[in-house]
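Let's take a walk through this structure together. Have the sequence and the model open side by side, and follow along one stop at a time.

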Amino acid sequence: MIKMKQLRHRFVETMPEKIDPGTLYISMEYATAAHRCCCGCGEEVITPFSPAQWKMTFDGDAVSLHPSIGNWNLRCRSHYVVQDGRVIDAGAWTDEEIEVGRRRDKEARTKYLADKTGTTTMPSTSPPTGRRRSRLGRLIDLFKLTFV
Ligand SMILES: [Zn+2]
C-alpha cells in the first residue's frame, strides 16, 4: 500500500537533518537522493545514483527514479516506482523476487566495479566548447554518456 502518491523534489547540497515525508531530496554534490518511505511507515530511504544503482532524470518539472525502489530491507517491504514525481505501486515482493533482486544488485555492482578498474574507453565525441560548463552540467553529461 502506498500512502504517499506524490513526491516533491528539492535539490539540496547536503541532506537536511529532517527529511520531510512527501519530499525527495536530491544532492548532485553527493549523487544521492533521500526520502521517507512512501508507504507511510516513515523509514528513511536513500537512493544513491550510480550506473549500478539508481538513475535520476529531471525533465525540468518533475523527477523520475529508475529502477523501482524496493524496500525489502524495511519491515513494510514496499515497492514502488517514482515517475514524474508520482509514486506508483509496483506490487509486493515475494521472497523469490527479493532473492533475484538482491543477486542482480550484487552482480550489477560487481560488474560496475570491474568495468571501472578495467580499461577505460573514452567517448569519441568531444564535449561542446565555448561555453563554461557547470559542475552540474558535467554531471548531467556524465549521466547521459553512461546511460545512452
Ligand atoms: Zn514503508
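**Cysteines, a zinc ion and a core**

To begin with the cysteines, the structure holds zero disulfides. Please keep in mind as we go that this is a predicted model.

What, then, coordinates the zinc ion? The SG atoms of Cys37, Cys39, Cys41 and Cys76 do, at 2.2 to 2.3 Å. Along the chain, these donors follow the spacing C-x1-C-x1-C-x34-C. Cysteine 41 sits in the loop between strand E3 (32-36) and strand E4 (44-48), while cysteine 76 sits in the loop between strand E6 (63-70) and strand E7 (79-83), so this pair ties together parts that are 35 residues apart in sequence. The geometry around the zinc ion is tetrahedral, because the four donor atoms subtend angles of 104 to 115°. For comparison, the ideal angle for four tetrahedral donors is 109.5 degrees.

Now step back to the whole chain. It contains two helices and eight strands, and reading along the sequence gives the pattern β-β-β-β-β-β-β-β-α-α. Of its 148 residues, 30% count as buried. Among contacts with a separation of 6 or more, 35% are between residues 24 or more positions apart. The chain exposes about 10,200 Å², and carbon and sulfur atoms supply 53% of that area.

The largest nonpolar core has 20 residues, and the members that touch the most others are Leu24, Ile26, Phe49, Met56, Leu65, Ile69 and Tyr80. Strand E2 (23-27), E6 and E7 each supply at least two residues of this core, and the largest share, three residues, comes from E6.

Setting aside its neighbours within four places in sequence, isoleucine 69 is in contact with His35, Val45, Thr47, Trp54, Ser78, His79, Tyr80 and Val82. Threonine 32 lies in strand E3 and counts as buried, at 13% relative accessibility.

Finally, a few backbone details deserve a look. Most residues other than glycine have a negative phi, and most peptide bonds are trans. Which peptide bond is cis? The one from histidine 66 to proline 67, with omega near 0°; proline 67 is found in strand E6. Alanine 31, in the loop between E2 and E3, has a positive phi of about 50° although it is not a glycine. Arginine 77 likewise has a positive phi of about 50° without being a glycine. Arginine 77 is found in the loop between E6 and E7, where cysteine 76 also lies, and arginine 77 counts as partly exposed at 34% relative accessibility.

Note on methods:
Residues are numbered from 1 along each chain as its sequence is written. This is a predicted model: local features need pLDDT of at least 70, side-chain atom pairs count only at pLDDT 80 or more; totals for chains, interfaces and linings use all residues. Side-chain values use heavy atoms; hydrogens and water are left out. A disulfide is a pair of cysteine sulfur atoms within 2.5 Å. Donors are N, O and S atoms within 2.8 Å of the metal (3.2 Å for Na, K and Ca); water is not among the atoms, so sites may look incomplete. Four donors count as tetrahedral if all angles lie between 85 and 135 degrees; four count as square planar and six as octahedral if opposite donors are over 155 degrees apart and all others between 65 and 115; anything else is irregular. Helices (H or I, at least four residues) and strands (E, at least two) are DSSP runs, numbered from the N terminus. A nonpolar core is a set of buried Ala, Val, Leu, Ile, Met, Phe, Trp, Tyr and Cys residues joined through side-chain atoms within 4.5 Å. Buried means under 20% relative accessible area, exposed over 50%, partly exposed in between (1.4 Å probe, protein chains only). Contact means heavy atoms within 4.5 Å. Accessible areas come from the Shrake-Rupley method with a 1.4 Å probe; for residues, only the protein chains shown count as cover.
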